[in-house]
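Please keep the sequence and the model in view while reading.

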Amino acid sequence: MKTIHTNEAPAAIGPYSQGVIVDKLFFSSGQIPLTAAGEMVTGDVKEQTHQVFNNLQAVLKEAGASLETVIKATVFIKSMDDFGSINEVYGEYFSSHKPARSCVEVARLPKDALVEIEVVALVK
């Protein structure tokens with residue numbers, strides 16, 4: 001196993017890593033809308049989702065993967081009422097390549113985020 005860390009994404013806020021590579025697979029930790037400096041994006045769910053994708057792209061790059069090699073995404077949302085807005089932003093990042101995906105509404109996310117996304121990707 002190889003632990004992934006980049007300063008281009010927020011540091012883990014607990015006893016975990018930004019992601020781990022096992023063989024040719026990268027497993028990301030869930031990314032919330034924190035900037036690389038650790039500041040929470042307080043905008044609407046679309047702004048928060050864009051920040052989550054910025055973080056995902058940073059950890060994927062560090063792992064030698066990319067959005068194009070994502071196999072599976074899991075999306076956690078605070079409210080199913082935001083599904084359409086999150087899906088709209090999600091579609092900007094996964095337009096031609098469409099990995100498998102699950103989306104679940106949860107009672108609460110870290111730092112009271114509106115969205116969190118984790119991915120599994122193939123390392124190039």
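## Salt bridges

In this predicted model, Glu88 and Lys46 form a salt bridge whose closest N and O atoms are 3.0 Å apart. A salt bridge is here a side-chain nitrogen of Lys or Arg within 4 Å of a carboxyl oxygen of Asp or Glu. The pair joins distant parts of the chain, since Glu88 belongs to helix α2 and Lys46 to helix α1, 42 residues apart. Helices (H or I, at least four residues) and strands (E, at least two) are DSSP runs numbered from the N terminus. Glu88 counts as partly exposed because its relative accessibility is 45%, and Lys46 counts as partly exposed because its value is 28%. The classes are buried (under 20% relative accessible area), exposed (over 50%) and partly exposed (in between), computed with a 1.4 Å probe and protein chains only.

The search of the whole structure finds two salt bridges. Asp112 and Arg108 form a salt bridge with closest N and O atoms 2.6 Å apart. Asp112 is partly exposed, with a relative accessible area of 37%, whereas Arg108 is exposed, with 61%.

## Basis of the description

Residues are numbered from 1 along each chain as its sequence is written, and side-chain values use heavy atoms, with hydrogens and water left out. Because the model is predicted, local features need pLDDT of at least 70 and side-chain atom pairs count only at pLDDT 80 or more, while totals for chains, interfaces and linings use all residues.

Most residues other than glycine have a negative phi. Lys111 is not a glycine, yet has a positive phi of about 60 degrees. Asp112, also not a glycine, has a positive phi of about 60 degrees. Lys111 is classed as exposed because its relative accessible area is 52%.

## Nonpolar cores

The largest nonpolar core contains 28 residues, of which Phe26, Phe53, Leu60 and Ile117 touch the most other members. Such a core is a set of buried Ala, Val, Leu, Ile, Met, Phe, Trp, Tyr and Cys residues joined through side-chain atoms within 4.5 Å. At least two residues of this core come from each of α1 (45-63), β4, α2 (83-93) and β6 (115-122). Helix α1 gives the most, with eight residues.

Contact means heavy atoms within 4.5 Å. A second, separate core has five residues, among them Leu34, Phe76, Leu109 and Ala113.

Asn55 is found in helix α1 and counts as buried because its relative accessibility is 0%. Beyond four places in sequence, Asn55 is in contact with Ala9, Pro10, Gln31, Ile32 and Leu34. Ala58 also lies in helix α1 and is buried, with a relative accessible area of 13%. Not counting residues up to four places away in sequence, Ala58 touches Thr6, Glu8 and Ala9. From Ala58 to Lys124, the C-alpha to C-alpha separation is 15 Å, for 66 residues in sequence.

Thr6 lies in the loop between β1 (2-4) and β2 (19-22). With a relative accessible area of 7%, Thr6 is buried. Its contacts, leaving aside neighbours within four places in sequence, are Gln18, Ala58, Val59 and Glu62. The side chain of Thr6 also reaches the backbone nitrogen of Glu8 at 3.1 Å.

## A nonpolar surface patch

Met1, Val22, Leu25, Phe27, Ile71 and Leu122 make a nonpolar surface patch of about 570 Å². Patches consist of residues with over 30% relative accessible area and no salt bridge, like charges being joined within 9 Å and nonpolar side chains (Val, Leu, Ile, Met, Phe, Trp, Tyr) within 5 Å. Accessible areas come from the Shrake-Rupley method with a 1.4 Å probe, and for residues only the protein chains shown count as cover. Ile71 lies in strand β4 (residues 70-77). Because its relative accessibility is 42%, Ile71 counts as partly exposed.

Definitions and conventions:
A polar contact is a pair of N or O atoms within 3.5 Å; within protein, one must be able to donate a hydrogen and the other to accept it, and residues adjacent in sequence count only if both atoms are side-chain atoms.
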